[in-house]
Amino acid sequence: MVNEKRRIADRALDELPATGTVFLDAGTTTGVLADLMPPGRNLTVVTHSLSIALTLAGRPGYTVLTPGGEVRGPTLATVGPWAEGRLRSIQSDVAFVATNGLSIARGLTTPNSIEAEIKRLIIQTAGRVVLLADHTKIGRDFFESFGAISDLDLLICDVGLDPSVARDLESSGLAAVLV
């Protein structure tokens, strides 16, 4: 889904504030967003993804913050009590969230409970929540739910999403942009 993720990330650039704080969740599409973020934006970026932090570190116009914590090998994301404690005290203007699955019945889901807790905190401390997900994530459910559809302000997805599923999501109150 390389091309789809790039289109999603390219559209997500429109959701970046001119200044302020954004949170980039750990994920492949959020990683592509980090790759595409232009220099000189005057943004603070908070991320628990070590790879995203390294992508943006030193790029002019960005202050990059990580919460620390245990590094989870499969995702290179910091998780656990140290990260959770730090994230409880922050507020972001916009959070760009990734997911393993999204369904109307269970909302946002992931197979890992430790990452689910971090994702819950990201959503709770954001002014706006933008989900970046390719169509293969929609309609899938995993072990732990970390947010409801009502927690999301916008879904940016690729045009491979079944039109009837897109209508169902929008009927449940979720604005969706297909690219």
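Helix H1 (residues 2-12) and helix H2 (residues 28-36) have axes that come within 8 Å and cross at roughly 55°. That angle makes H1 oblique to H2, since angles under 35 degrees count as roughly parallel, over 145 as roughly antiparallel, 65 to 115 as roughly perpendicular and the rest as oblique. Here, axes are lines fitted to C-alpha atoms, for helices over the stretch in contact, and angles run from 0 to 180 degrees between N-to-C directions. Helices (H or I, at least four residues) and strands (E, at least two) are DSSP runs, numbered from the N terminus.

This is a predicted model, in which local features need pLDDT of at least 70 and side-chain atom pairs count only at pLDDT 80 or more, while totals for chains, interfaces and linings use all residues. Residues are numbered from 1 along each chain as its sequence is written, and side-chain values use heavy atoms, with hydrogens and water left out.

Which residues of H1 meet H2? From H1 come Lys5, Arg6, Ile8, Ala9, Asp10 and Ala12, and they meet Thr28, Thr29, Val32, Leu33 and Leu36 in H2; contact means heavy atoms within 4.5 Å. By class, this contact has six nonpolar, two polar and three charged residues (Ala, Val, Leu, Ile, Met, Phe, Trp, Tyr, Cys and Pro count as nonpolar, Asp, Glu, Lys and Arg as charged, and the others, Gly among them, as polar).

Now to the sheets. Strands of a sheet pair through backbone hydrogen bonds, either parallel or antiparallel. Two strands count as paired if DSSP finds at least two bridges between them.

Within it, strand S1 (residues 20-24) runs parallel to S2, joined by five bridges, and Leu24 stands opposite Thr47 in S2. Four bridges join strand S2 (residues 43-47) to strand S3 (residues 62-65), again in parallel, with Leu43 opposite Tyr62 in S3.

The other open sheet has three strands in the order S7-S8-S10, with antiparallel pairing. Strand S7 (101-103) and strand S10 (144-147) stand at the edges with a single partner strand each, so one side of each is left without a neighbour in the sheet. The twist averages 40° from one strand to the next. Strand S8 (residues 107-110) is joined to S10 by three bridges and runs antiparallel to it; Leu108 stands opposite Gly147 in S10.
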